[in-house]
Amino acid sequence: QVQLVESGGGLVQAGGSLRLSCTASGGTFSDYAMGWFRQLPGQEREFVATISRIGTNVYDAASVRGRFIISRDNDKNTVYLQMNDLRAGDTGVYYCAAHSGATYYYTPDQKWEYAYWGQGTQVTVTI
């Protein structure tokens, strides 16, 4: 069973950047497609971005497209979320998640597809 730990959250001004990291342990990292989700204040957890097992395929939500970039380093058991041009509306808790059983190219974008979740990291964007 894989364990996930996020890091890199914090306080940033609007227009700034942050890079989130999520490091996995307890499993073979390349067996998992990985995703980032977020929970904005008062809202349900929502999809942000996903990357396939070997990193060749990515898919992201329209709300972050062109601003956020998901990537992974299978040698370091880590998935990243580079967040640029941050807005106040991006404030929330960001979670990484792992999906097992995928083909090499699959990019799951539904919460129910992910069995393993990190504890979350807070991102706060100030105006």
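**Rings, strands and a buried serine**

Mentor: Arg-45 lies over the face of Tyr-95, at 3.6 Å from the ring centre. Keep in mind that this is a predicted model.

Trainee: Over the ring of which residue does the charged end of Arg-72 sit?

Mentor: The distance from the charged end of Arg-72 to the ring centre is 4.4 Å. A charge counts as sitting over a ring within 6 Å of the ring centre and within 35 degrees of the ring normal. The ring under Arg-72 belongs to Phe-29.

Trainee: What kind of aromatic pair do Phe-37 and Phe-47 form?

Mentor: The structure holds seven aromatic pairs. For Phe-37 and Phe-47, the centres are 5.8 Å apart and the planes are at 75°. Planes over 60 degrees apart count as edge-to-face, so the pair of Phe-37 and Phe-47 is edge-to-face.

Trainee: Which residue in strand 5 is the bridge partner of Trp-36?

Mentor: Strand 4 and strand 5 run antiparallel and are joined by six bridges. Their hairpin has five residues between the strands, with Gly-42 taking a positive phi near 75°. Strand 5 is mostly covered, with five of its seven residues buried. The bridge partner of Trp-36 in strand 5 is Ala-49.

Trainee: Which residue in the turn between strand 5 and strand 6 has a positive phi?

Mentor: Strand 5 and strand 6 run antiparallel, joined by three bridges. Ile-51 stands opposite Val-58 in strand 6. Six residues lie between the two strands of this hairpin, and the one in the turn with a positive phi, of about 80°, is Gly-55.

Trainee: Is Ser-52 buried or exposed?

Mentor: Ser-52 is found in the loop between strand 5 (45-51) and strand 6 (58-60). Its side chain reaches the backbone nitrogen of Thr-56 at 3.3 Å. Leaving aside neighbours within four places in sequence, the contacts of Ser-52 include Ala-33, Arg-72 and Tyr-105. With a relative accessible area of 0%, Ser-52 is buried.

Trainee: Which strands stand at the edges of the open sheet of four strands?

Mentor: The order in this sheet is 1-3-8-7, and the pairing is antiparallel. Each edge strand has a single partner strand, so one side of each is left without a neighbour in the sheet; the edge strands are strand 1 (3-7) and strand 7 (68-73).

Trainee: Which residue in strand 8 stands opposite Ile-69?

Mentor: Strand 7 and strand 8 (residues 78-83) pair in the antiparallel sense over six bridges. Strand 8 is also joined to strand 3 by six bridges, where the bridge partner of Arg-19 is Gln-82. The residue opposite Ile-69 is Gln-82.

Trainee: What is the relative accessible area of Ser-21?

Mentor: Ser-21 is found in strand 3 and is the bridge partner of Ser-7. Apart from neighbours within four places in sequence, Ser-21 is in contact with residues including Val-5, Trp-36 and Tyr-80. Buried means under 20%, so Ser-21 counts as buried, with a relative accessible area of 14%.

Conventions
Residues are numbered from 1 along each chain as its sequence is written. This is a predicted model: local features need pLDDT of at least 70, side-chain atom pairs count only at pLDDT 80 or more; totals for chains, interfaces and linings use all residues. Side-chain values use heavy atoms; hydrogens and water are left out. Two strands pair if DSSP finds at least two bridges between them. Buried means under 20% relative accessible area, exposed over 50%, partly exposed in between (1.4 Å probe, protein chains only). A polar contact is a pair of N or O atoms within 3.5 Å; within protein, one must be able to donate a hydrogen and the other to accept it, and residues adjacent in sequence count only if both atoms are side-chain atoms. Contact means heavy atoms within 4.5 Å. Rings of Phe, Tyr and Trp (its six-membered ring) pair if their centres lie within 6.5 Å; planes under 30 degrees apart count as stacked, over 60 as edge-to-face and the rest as tilted.
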